[in-house]
Amino acid sequence: MNYKNWYALSINMNKERSCREQLLARKALFLDTNLLNVEYLQRKEMVVEKSGKRKVKNKLLMSGYLLVQVKPEEVEDELGDITHRFPGDTFNLILGTPGIKFFVNCDKDVPIAFKPREIKKMFDMCDDAHLEVKANMQTDYQEGDILDVISGPFQGSKCEVVSIQGTKILGQLDMFGRIVPAEFTKEQVYKK
């Protein structure tokens, strides 16, 4: 992925998806070739409901902001020197989109791009977030693992996995100084 020439836009809150779609539609309508990418960052999080069910939800990383990648325009002066600048037509296209307020980092109406390492860090936060969620959604528990019980009559306790039989996890709890056997489903336990 190319991490150069990314800019941040301030937009109306909770309008990330609609602003992105409108901006891409305007890009297609006006046949703009300088606007390369439009993204809003989100990461996957596992949410445990009151009923004990686990769901994966997308959570916005930067609510109220869009990231756009714009190819700079090459301008040649009388001496033959080539300079790169933000394209004026793309600037007007972006700011003319409903819901988009302004560029976040500007110097006299000239947007300033993020440094490539800053953008890479933001995208890496989104890409790596799904790993923990994926690990907990699978039943890759092994004998001897210590799990947190998140629902059922033993909620709040820790259990040790004794064996796994299909979708059932047989475990044992330490209650009042005695070992108590118990049976769990994958929705009732969570591995940290």
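Predicted model: local features only at pLDDT ≥ 70, side-chain atom pairs only at ≥ 80, totals over all residues.
Biologist: Where do H1 and H2 sit in the chain, and at what angle do they cross?

Modeller: H1 spans residues 16–30 and H2 spans residues 88–95. Their axes come within 10 Å and cross at roughly 140°.

Biologist: Why is H1 called oblique to H2?

Modeller: Over 145 degrees would count as roughly antiparallel, and 65 to 115 as roughly perpendicular. The crossing is at roughly 140°, so H1 is oblique to H2. The crossing is right-handed.

Biologist: Which residues meet where H1 contacts H2?

Modeller: From H1 come Leu23, Arg26, Lys27 and Phe30. From H2 come Asn92, Leu93 and Ile94. By class, this contact has four nonpolar, one polar and two charged residues.

Biologist: Which residues of H2 are buried?

Modeller: Thr90, Phe91, Leu93 and Ile94 are buried.

Biologist: How do you know that they are on the same side of H2?

Modeller: Take the arc they cover around the axis. It is only 165°, which puts them on the same side of H2. In general, an α-helix has 3.6 residues a turn, so residues three or four places apart point the same way.

Biologist: What does the face turned away from that buried side carry?

Modeller: It carries the exposed residues Asp89 and Asn92.

Biologist: Thr97 is in the loop between H2 and E8. What makes Thr97 buried?

Modeller: Buried means under 20% relative accessible area. Thr97 has 2%, so Thr97 is buried. Leaving out residues up to four places away in sequence, Thr97 touches Cys19, Gln22, Leu23 and Arg26.

Biologist: What is the phi of Asn5, and where does Asn5 lie?

Modeller: Asn5 has a positive phi of about 60°, although it is not a glycine. Asn5 lies in the segment before E1.

Biologist: Why is Asn5 called partly exposed?

Modeller: Its relative accessible area is 26%. Buried would need under 20%, and exposed over 50%. The value falls in between, so Asn5 is partly exposed.

Biologist: What is the phi of Leu31, and where is Leu31 placed?

Modeller: Leu31 is not a glycine either, yet its phi is positive, about 55°. Its place is in the loop between H1 and E2.

Biologist: Why does Leu31 count as exposed?

Modeller: The cut-off for exposed is over 50%. Leu31 is at 69% relative accessibility, so Leu31 counts as exposed.

Technical notes: Residues numbered from 1 in each chain as written. Heavy atoms only, no water. Axes fitted to C-alpha atoms, helices over the stretch in contact; angles between N-to-C directions. Helix = DSSP H or I, 4+ residues; strand = E, 2+ residues; numbered from the N terminus. Parallel < 35°, antiparallel > 145°, perpendicular 65-115°, else oblique. Left-handed = near helix turned anticlockwise from the far one by under 90°. Contact = heavy atoms within 4.5 Å. Nonpolar A, V, L, I, M, F, W, Y, C, P; charged D, E, K, R; others polar. Buried < 20%, exposed > 50% of the residue type's maximum accessible area, 1.4 Å probe, protein only. Arc of directions from axis to C-beta.
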